[in-house]
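Please brief me on this protein model.

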Amino acid sequence: MRTMTAAAARRTALAAQGFATPRPSSPPSRRTILRVLERTQLLQLDSVSAVVRAHYAPVFSRIGAYDRTLLDEAAWSHSARRPRRLVEYWAHEAALLPVEDWPLLRWRMERYRHGRWGGARNVLQRNPNLPGDVLGVIGEFGASTAGEVERHLELDRPRSKDHWGWNYSDTKVVCEVLFATGELSVDKRVGFQRHYDLTERVLPPEITAQRVEEPEAVLELVRRAAVALGIATEPDLRDYYRLHRSQTEPAIAALVDAGMLEPVQVDGWDRVAYLHAAARTPRRIEGAALLCPFDPLIFFRPRTERIFDFHYRIEIYTPEPKRVHGYYVFPFLLDGELVARVDLRAERGTGRLLVPGAFAEPGWDSPYVTSELARALRELAAWLELDTVEIGARGDLAGPLGRVFAAVA
């Protein structure tokens, strides 16, 4: 079995995610944005808007400032000239993925016929006719929010608190069940609120007509995960689309037999890694990027720690007094290493990018890191159309960063 150094594996992983590709010199086009998806395969969705919605940030991290409406149009609008290119579904959590990948998740839709969590089954049991009623309303009136469906049905349904405390009405739960089963899809989002429509009106017939058996679909999902990761352990490949070990192990074996994956030993890794046949290992990685907590490079925390020696946990649900680094913390990637992290908040009403905390990783508290981080923060603020960057007091980089911004104020 071939052996790779940990540094080579890290550069391979970064190249697979698009961090070895120069940023475009001209304003990015829709095609440029979709090329990011060819590397990452998906963009995770999340409701937190402390800085910018999670699906926008990974594209910015790889290509710099771009027009976010181009991504919106690719996901949530359709015309004969510019067909929908992305669709929402449960991949690595809720995610945008290429329309062509939707049939690869039909087996998951079948498993979700009673919903994604136990409380949904209870809602269906006490409202056996509600799924048909919801489909009837949406079929008649077109893309609708759950609230609009309720108004058409003139319902005041009880609300469920069975799933992470969300105060979902029964109608909303049923809309989510129908979305999970593939009967509904998301036609558009307004204010990040889903507007559900019949899937056959969201996706083209050649997509909805496809039937892919689970083993074949899983094989393709693992292959796509391997493309996105470059080099990965079995748990890494399993996590990318939230698969099960019983699914990924046979798929990996088949991909090894086909020559698409090569087992390798990476120095310091405690598991066998699998190198994709098309992965490249550049001699160096240059450039800087702020990574949102849901960036595909880092959303599997054990992999992040293994590759970058960077212990990272999102602290949104941690009580404020117990937070170590802050509410919404972006790791800072510089020349192929995670060298710092910053707690960020976009205060749109006052036009400020707030940085309550800034922390260097051990051994990286240098003027170069500070100056590059300051530049990255300015770029982020400009992209978000914020006028100023305001540095707080928490963390060992707060003082040096504050002085950099004070010098040009």
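Glu-176 is buried, with a relative accessible area of 7% (buried means under 20%, exposed over 50% and partly exposed in between, using a 1.4 Å probe and protein chains only). This is a predicted model, in which local features need pLDDT of at least 70, side-chain atom pairs count only at pLDDT 80 or more, and totals for chains, interfaces and linings use all residues. Residues are numbered from 1 along each chain as its sequence is written, and side-chain values use heavy atoms, with hydrogens and water left out.

**Around Glu-176**
- Glu-176 sits in helix H9 (helices are DSSP runs of H or I with at least four residues, strands are runs of E with at least two, and both are numbered from the N terminus).
- Setting aside neighbours within four places in sequence, Glu-176 is in contact with Trp-90, Arg-194 and Tyr-196 (contact means heavy atoms within 4.5 Å).

**Helices H7 and H9**
- The axes of H7 (residues 130-141) and H9 (residues 170-180) come within 10 Å and cross at roughly 80 degrees (axes are lines fitted to C-alpha atoms, for helices over the stretch in contact, and angles run from 0 to 180 degrees between N-to-C directions).
- H7 and H9 are therefore roughly perpendicular to each other (65 to 115 degrees; under 35 is roughly parallel, over 145 roughly antiparallel, and the rest oblique).
- H7 contributes Leu-130, Pro-131, Val-134 and Leu-135 to the contact, and H9 contributes Asp-170, Thr-171, Val-174, Cys-175 and Leu-178.

**An open sheet**
- An open sheet is built from 4 strands in the order S1-S10-S11-S9, with mixed pairing (two strands pair if DSSP finds at least two bridges between them).
- Its edge strands are S1 (2-4) and S9 (231-232), each pairing on one side only.
- S9 and S11 (residues 273-276) run antiparallel and are joined by 2 bridges.
- Ile-231 has Leu-275 in S11 as its bridge partner.
- Helix H12 (residues 214-229) packs on the sheet and touches S9, S10 (261-266) and S11, at about 85 degrees to the direction of S11.
- Helix H14 (residues 245-257) lies across S10 and S11, running at about 105 degrees to S10.

**A parallel pair**
- S15 (residues 352-360) and S16 (residues 388-394) pair in the parallel sense over 5 bridges.
- The chain passes from S15 through helix H16 (residues 367-383) to S16, a right-handed β-α-β crossover (with the strands pointing away from the viewer, the path from the first strand over the helix to the second runs clockwise).
- Within S16, Val-389 is the bridge partner of Leu-353.
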